[in-house]
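These are my notebook entries on a single chain fold.

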Amino acid sequence: MNPHSAPAPRRPAPDASVHDREETFLRRFVGRETELARFRAALDESPGTVTVLALHGPGGIGKTQLLRRFAVEARRRGRHVVAADAGRTGPTEEAFAAAADVPGTGRPVLLVDNADRLGPLEDWFRDRYLTGLPPGSLVVLAGREPPGLRWRTDPAWADTLRVGRLDRLSRAESGRLLQDAAPGRTTARGARLAFAAGHPLALRLAARDRDAPPGQTWQPAPETVAELMDRVVGPVPSPLHRQALEICAHVPETTEDLLRAFLPDQAHEIFDWLRRRPYAISGRAGLRLLPVVAEALDRDLGWRAPDAYLSLHKALRTHLQTLIRTRPEPVSLSAAGAFHHIQTRGRRLSGPGRDVHAEAGCDPVYETPCDAEDLPAVRDLAHERLGPEGVAAVDFWLHRRPHGFHLYRAARTGEIVGVLGLLTFDRWDAVETAIDPVVAVVREHVESHREPGPGERVNLVRFALLRRRPHDLAAASAAMLVRVTRELHVQDRLAWTFHAQNGDGPDGLLEYADFRRLPGGPRLAAQNVTLFGHDWGTTGMNAWCDLLDDRMLFGLRTPGGTGPPRTAALSRAAFDRAVHDLLRDWHQRERLAQNPLLHAAFVARHSGDPEQNLRRLVVRAIESIDQDPRAKGQRAAVWATYVEGGSTQQAVARELALSFSTYRRYLKRGLERVCWHLWEQEAANAARGTSAW
């Protein structure tokens, strides 16, 4: 018996309420222009055979809503539409045929949701059911999985089966959907869009999620994350599978080798399971999860088990650092990119901190060395970003250190879209410091704070030039950061690292990474350069990574946002280092807020704001130097260098009419007097407690 032999039933005209609902649906439907265009083209095809459009994608991506949109389009063109849900029909041929009651005449349109649930019926559906449909029928299948390989490779269907993956919405489309889901809501719009990453269900959940308390950053509620995971991820076979998902969620790409480091006996089986998930995307570097799935899994673990989350993070970070240091450069660079990814997890930073995978339409780049034939293009970019003086500086270093330059090219065209100039110094060259004032300032800072020991090196990111085009910017800046991150790990005996920023670079990212802004001074101002530096002798690699771990979880401030935690009594050496840090950070309140002296006994004995009290006590300590008539020059050196600030030490020496060596001697002895004055107060107050005067 032919299940399609019945004549087409007469369709009643829709009543006004149905028409109004349909108009509302059309008005609020967002995106999918490409899929609609393909569907319309299929509707217009000549009635020769049965055409099948198969759409697949993860849960919540909008497959069901798109089928509804197709139904409206087909009905308005006079086609008879039949909708069936393979997930709700019985597992028999008769049950499906009854649910999909397609007429035997005309050119009907059959829309099948959850088509991947056909399972054992797929062969029957393909070979018998579809061949019984009237010529000119159009069938649309939607499911999390595409049709089986046998169907997709069958020559008989090569011209009539078209398979496509349903992807996330663009940022503009996401904004429209968010506005539609919560009309009038404007709070934390960027954070909600970033969390959802173009996923329609996540956008609707984020839109209805509660606002953040005043002064806090919006985060999705745990119940919102749980609902999203239920719909998109679903049940997981075992705790080991869940652990593998959590690893995938925390790193940008996952390979079987990475899983083997954590799940040695089950890595192959679980990786094979992972690659078959509809929310997993296979790439040349491994598997990565759909961004919203990775975000939801990562947030859920951090909320549900914060200690386990931190342990997993540290284990992954240590593993990546080992790869950076021990593997060949391509693998090392990939691991450096993953290191940066996990250390800025959840932090939306400008500049190189942006996640390349989150950038819709981002063009990939690749790195090459700088050859002689590249020099005109490099000079052109330097002129565009830095002007004529910048071209001269680039030319100088290209001649002196050509191997320190790395070029970043657009993958499609090979055009140079970024230039990184990374310089390393194991000694100072008089010509280089005389020609380049930026290097001169670096040298002065190093010599006045902590000179490198024998064999130690100083790194300077001298140039990081980018063409300001949206499609190139994210990938090129991220690739530069990967190179810099790798160099931090692989260079032996690194004493200092500096970044020379030209105008509009990533201040937030450098501060996040514990790079301190150096005083500007006229020489840097003339170059339009801001210098940031990190002293590896003060905060070594292990301590730096621990600091980044804390900031990954809590941001620049520690939990509670009121400054550093109370610590045990400082040793004299640690106390002196804290005084030096305090003076260097005198004009950077956010840095100063992390200084342990804020909770020292000599500060705690005073009521009121600890920062104001600490500043007042330090000023008194500097002024106390004048009590010794022989030390007036010392007081002036400390005051001009730190409290007034804004100049290089050589400039301060000139202003005080001192030779640089005399100024350095005065500054050192003045700092010793300030430290001793404050330490005497600390020792006395620690001995008798912190009762107020």
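This is a predicted model: local features need pLDDT of at least 70, side-chain atom pairs count only at pLDDT 80 or more; totals for chains, interfaces and linings use all residues.

Entry 1, the sheet. I found five strands forming an open sheet in the order β2-β3-β4-β1-β5, with parallel pairing. I took strands (E, at least two residues) and helices (H or I, at least four) as DSSP runs numbered from the N terminus, and two strands as paired if DSSP finds at least two bridges between them. The edge strands are β2 (81–85) and β5, each of which pairs on one side only. Neighbouring strands are turned by 15° against each other on average, direction ignored.

Residues are numbered from 1 along each chain as its sequence is written, and side-chain values use heavy atoms, with hydrogens and water left out.

Leucine 53 stands opposite arginine 162 in β5.

I listed Glu35, Leu36, Phe39, Ala42 and Leu43 as its buried residues; buried means under 20% relative accessible area, exposed over 50%, and partly exposed in between (1.4 Å probe, protein chains only). Seen down the axis of α2, they fall within an arc of 125°, taken from the directions from the helix axis to the C-beta atoms, so they line one face of the helix. The face turned away from that buried side carries the exposed residues Glu33 and Arg38.

Conventions:
Axes are lines fitted to C-alpha atoms, for helices over the stretch in contact, and angles run from 0 to 180 degrees between N-to-C directions.
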